[in-house]
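Please look through the structure below together with the numbered points that follow. Each point takes up one topic and may be checked against the display.

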Amino acid sequence: MAERPENDRLDSGLKVDRQTIREIVGAAGAALAGYGAWLSYPPAGFMVAGGILVGLAVLGTLRGGK
């Protein structure tokens, strides 16, 4: 089959940068940490998730919301 010229190829239009991947992985990690703590002791899951959210709020404030 003949190869299409470079400018004729279809572009998917979905662009994911590194920061988006970091945020997705971070959110998944936070969810897993909270769920793992909840499996051990249910109130601990809420404490871990709350601690992570407070930490993110503090970091966001210190960075100036950028």
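1. Aromatic pairing. A search across the whole structure, which is a predicted model, finds 1 aromatic pair. The partners are Y35 and W38, and their arrangement is stacked, with 6.0 Å from centre to centre and 25° between the planes. The pair counts as stacked because planes under 30 degrees apart are given that name.

2. Position of the pair. Where do Y35 and W38 lie in relation to each other along helix 1? Helix 1 covers residues 18-40, and Y35 and W38 are 3 residues apart in it, so about one helical turn separates them. Y35 is partly exposed, its relative accessible area being 47%. W38 is also partly exposed, with a value of 40%.

3. Overall make-up. The protein chain contains 2 helices and 0 strands. Among its 66 residues, 6% count as buried; a residue is counted in that class if its relative accessible area is under 20%. The chain exposes about 6,000 Å², and 65% of this area is supplied by carbon and sulfur atoms.

4. Helix 2 is formed by residues 42-62, which makes 21 residues. From its first C-alpha to its last, helix 2 reaches 31 Å, close to the 30 Å expected at 1.5 Å a residue. Just after helix 2 comes G64, which takes a positive phi of about 85°.

5. A nonpolar surface patch. Which residues form a nonpolar patch on the surface? The members are L14, V16, I21 and V25, and together they have about 400 Å² of accessible area. One of them, I21, lies in helix 1.

Note on methods: Residues numbered from 1 in each chain as written. Predicted model: local features only at pLDDT ≥ 70, side-chain atom pairs only at ≥ 80, totals over all residues. Heavy atoms only, no water. Helix = DSSP H or I, 4+ residues; strand = E, 2+ residues; numbered from the N terminus. Buried < 20%, exposed > 50% of the residue type's maximum accessible area, 1.4 Å probe, protein only. Areas by Shrake-Rupley, 256 points an atom, 1.4 Å probe, with all protein chains shown as cover. Phe/Tyr/Trp six-rings, centres within 6.5 Å; stacked < 30°, edge-to-face > 60°. Expected span 1.5 Å × (residues − 1). Patch = residues over 30% accessible without salt bridge, like charges linked within 9 Å, V, L, I, M, F, W, Y side chains within 5 Å. Salt bridge = Lys/Arg side-chain N within 4 Å of Asp/Glu carboxyl O.
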